[in-house]
Amino acid sequence: MNQHSSARRGGAVWALVITSVAGFMAALDNLVVTTALPSIRADLGGALEDLEWTVNAYTLTFAVLLMFGAALGDRFGRRRLFMAGLVVFTGASAAAALAPGIGALIVARAVQGTGAAIMMPLTLTLLTAAVPAQRRGAALGIFSAVTGLAVACGPLIGGSLTEHIAWQWIFWLNVPLGLALLPLARLRLTESYGPNSRLDVRGTLLASAGLFGVVYALVNANADGWTSGPVLTGLIAGTALLGGFVHHGIHNRNPMLPMRLFRSRAFTGINAASLLMYLGMFGSIFLLSQFLQTVVGYSPTEAGLRMLPWTAMPMIVAPIAGVLSDRIGGRPVVATGLALQAVGLGLYALVLSPDVSYTAQLPALIVSGIGMALYFAPAAHLAMSSVRPAEQGIASGANNALREVGGALGVAVLASVFSAQGGYESASAFVDGTVPALWIGAAAVAVAALAALLIPSRGPLVAEPVSDKVPARASV
């Protein structure tokens, strides 16, 4: 019995290490390229739109294919598809580092996003299956701390590698990590499958095309304008397709995302909170990292270091928050974290000026960091525990997809506010644009805190198995 217990603990530790490193790689590549763009342009050329697409190609394919990646894992084996996604991601990272031109780099980034979309939703499913329920909050807290640090420190890591070595190393970094993880995943992770043996092709096409339309519109809104033909078409067509996906999820017997999951207040609350949290956080980090470089004059590395009171806080607080959520429940921890993140963004908006000292920024950075860390750890646990074990793969894919869409929306909306109220012409113009954008980011995170209050404070989080009274139509 002791031997069995020890083996189980060993499997849980290995699952935590493998999934955390994989999650770090996928999350890091969301923002790692932003501080390297001037160097990439100097080496490869390309117009401003081309440089934007080196960021957006990854975000787009990542967000669009997340739910499809989860569905493939349920059908063909989660460990097998996790490894396949890891192979694609690692190979595309090498291709990006070797890209001879800007077009090849954009294609490689899109393929990278595809690999991450297959790999990322399966990390949580594999980790949840490997860790005993009583330790799951702490394990997911560590996982969330690592991935949260990657999201927030992407600009610092990208800037440091670009400044001190070469921009290609932001992609080469993934290659040895991916090659090391592959044999470990094969030997140390346990294979598992979802409950349905067939892929929901119709649902997959509706979700993927709908998300593509919406995210494409969001990432192009600043360049083309919110009322331009392509942006309006993407928003309208994407929304209509997502409406069709919801209808499909209600009326089909085995959809990829059963809409009955949203009968769970926990599932609805944590997904709404996640989308709004990423909207406020991504958009704010996007502008504030530029403020520190453009207005204050720090190098990319210096700016990243000064963001550490915010960005490094998950490494310290998130594991503690995970343990805390095991004891008192995730709802109060998440709601408190989101409220603190909103307060931190509001404090930043109050003190921001062209000549603001770093000391004056510190309280906002620290409060934001604690808030972000308190959110990250229990949020993953709440998302996974709000559904039955057989549905955790698709729940993870849905939660990750909504967070990515929230991040894209945050950058698009806050950058639009920035452009309307200010600009890059001078330090004061930059501040004039950033302050109202930060207030909108703070408001979005405050609404996220209210959404978190939908989550039940005690009792089972999982929606009861309800027999959906729908026509007996099989998924195509």
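This is a predicted model: local features need pLDDT of at least 70, side-chain atom pairs count only at pLDDT 80 or more; totals for chains, interfaces and linings use all residues.
Two residues are in contact when heavy atoms of each lie within 4.5 Å.

**The chain as a whole**

The secondary structure consists of 18 helices and zero strands. The chain has 476 residues, of which 58% are buried. Among contacts with a separation of 6 or more, 85% are between residues 24 or more positions apart. The chain exposes about 18100 Å², and carbon and sulfur atoms supply 67% of that area.

| Helix | Residues | Number of residues | Span, first to last C-alpha | Expected span |
|---|---|---|---|---|
| α5 | 102-130 | 29 residues | 41 Å | 42 Å |
| α10 | 229-251 | 23 residues | 33 Å | 33 Å |

In helix α5 the span is close to the expected value, and the helix has a kink of about 25° centred on L122. Of its 29 residues, 22 are buried, so α5 is largely enclosed by the rest of the structure. For helix α10, the span is likewise close to the one expected. The buried residues of α10 are V231, G234, G238, F245, H248 and G249.

**Surroundings of P378**

P378 belongs to helix α16, which covers residues 358-385. This proline has a relative accessible area of 0% and is therefore buried. With neighbours within four places in sequence left aside, P378 is in contact with A321, S325, G330, V333 and V334. P378 is also 7.9 Å from R331, C-alpha to C-alpha, although 47 residues separate the two in sequence.

T162 is located in helix α6, residues 136-164. Its relative accessibility is 13%; because buried means under 20%, T162 counts as buried. Beyond its neighbours within four places in sequence, T162 is in contact with A36, S39, W167 and I170. One of these, A36, is 126 residues away in sequence, yet the C-alpha atoms of T162 and A36 are 5.9 Å apart in space.

**Aromatic side chains**

A pair of aromatic rings is described by the distance of the centres and the angle of the planes. The model contains five aromatic pairs. One of them joins Y58 and F62, a tilted pair with 5.6 Å between centres and 55° between planes. Both residues lie in helix α3 (residues 48-76), four residues apart, about one turn of the helix. An α-helix has 3.6 residues a turn, so residues three or four places apart point the same way. Y58 and F62 are both buried.

W167 and F171 form an aromatic pair that is edge-to-face, with 6.3 Å from centre to centre and 85° between the planes. Both W167 and F171 are buried. W167 is also one of the residues in contact with T162.

Elsewhere, F291, F418 and F430 form one aromatic cluster. A ring also takes part in an arrangement with a charge: the charged end of R306 sits over the ring of Y298, at 4.2 Å from the ring centre.

Definitions and conventions
Residues are numbered from 1 along each chain as its sequence is written. Side-chain values use heavy atoms; hydrogens and water are left out. Helices (H or I, at least four residues) and strands (E, at least two) are DSSP runs, numbered from the N terminus. The expected span of a helix is 1.5 Å times one less than its number of residues. The bend at a residue is the angle between axes fitted to the seven residues ending there and the seven starting there. Buried means under 20% relative accessible area, exposed over 50%, partly exposed in between (1.4 Å probe, protein chains only). Rings of Phe, Tyr and Trp (its six-membered ring) pair if their centres lie within 6.5 Å; planes under 30 degrees apart count as stacked, over 60 as edge-to-face and the rest as tilted. A charge sits over a ring if NZ of Lys or CZ of Arg is within 6 Å of the ring centre and within 35 degrees of the ring normal. Accessible areas come from the Shrake-Rupley method with a 1.4 Å probe; for residues, only the protein chains shown count as cover.
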